[in-house]
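Hello,

Here is the structure I promised to pass on. Please have a look at it, and then read my notes below.

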Amino acid sequence: MNRQPKLIIVPCTLDEANAFIKQYHRHHGPVKGHKFSIAVADEKNNIRGVAIIGRPVSRVLDDGWTLGVRRLATDGCKNACSALYAAAWRATRAMGYRRLVTYILTTEPGTSLRAAGWRCVGQAGGGSWNRPSRPRVDKHPLQQKLRWEVSDGPIGHLLLPEEGGGVNG
């Protein structure tokens, strides 16, 4: 009988996370930058999955309160995805952000996201990033995606000190 390994969240550099993504992610490659990355390891300290969290892909969501799970991949270890999504949200909240978003293919069920307390907010994106003014070679699925998010509540405008925000605002 296969026993479920005990999983623990561990720190991870972007280079380490990208190396894992390159090996295990089904349709995306490494990313160039991040706010932070985390990994999930088993009791023998074998890395079983990674998550890379950064600024959201959508400029509309890049409001100073929101981060995005840019990549997440596992080696298939049971519960590793849910553990990473839940830990990514805890770390995001601890940094003062109010919302975390991610996108999955419409052919993916979202079971790990649902288990981690996320909710599907609808279809988003899809299509090519290639534009005449900005040529790109599409190396990713071009179909519509589903946007999932978890948040602390309504997202407001971040007030600068001169607008009455900050510690003394």
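Two residues are in contact when they have heavy atoms within 4.5 Å of each other. Among contacts in the chain between residues at least 6 apart in sequence, 64% join residues at least 24 apart.

A word on the source: this is a predicted model, in which local features need pLDDT of at least 70 and side-chain atom pairs count only at pLDDT 80 or more, while totals for chains, interfaces and linings use all residues. Residues are numbered from 1 along each chain as its sequence is written, and side-chain values use heavy atoms, with hydrogens and water left out.

The fold first. The chain has three helices and seven strands, taken as DSSP runs (helices H or I, at least four residues; strands E, at least two) and numbered from the N terminus. From that end on, the order is β-α-β-β-β-α-β-α-β-β. Of the 169 residues, 40% count as buried, meaning under 20% relative accessible area with a 1.4 Å probe and protein chains only (exposed is over 50%, partly exposed in between).

Now the interior. A nonpolar core here is a set of buried Ala, Val, Leu, Ile, Met, Phe, Trp, Tyr and Cys residues joined through side-chain atoms within 4.5 Å. The largest one has 25 residues, and Ile-38, Ile-53, Val-69, Tyr-85, Leu-100 and Trp-118 have the most contacts inside it. Two or more residues each come from β2 (36-41), β3 (47-54), β4 (66-74), α2 (80-94), β5 (99-105) and β7 (145-151). Helix α2 gives the most, with seven residues. There is also a second, separate core of 12 residues, including Cys-12, Ala-17, Val-50 and Ile-52.

Tyr-85 deserves a look. Leaving aside residues up to four places away in sequence, Tyr-85 touches Val-69, Leu-72, Thr-102, Ser-112, Leu-113, Ala-116 and Trp-118. Both Tyr-85 and Trp-118 are buried. Their ring centres are 5.3 Å apart and their planes at 65 degrees, so the pair is edge-to-face (rings of Phe, Tyr and Trp, the last by its six-membered ring, pair if their centres lie within 6.5 Å; planes under 30 degrees apart are stacked, over 60 edge-to-face, the rest tilted). Because Tyr-85 lies in helix α2 and Trp-118 in the loop between α3 (111-115) and β6 (119-124), the pair ties together parts that are 33 residues apart in sequence.

Finally, Glu-108 is in the loop between β5 and α3. Glu-108 counts as buried, at 19% relative accessibility.

Enjoy exploring!
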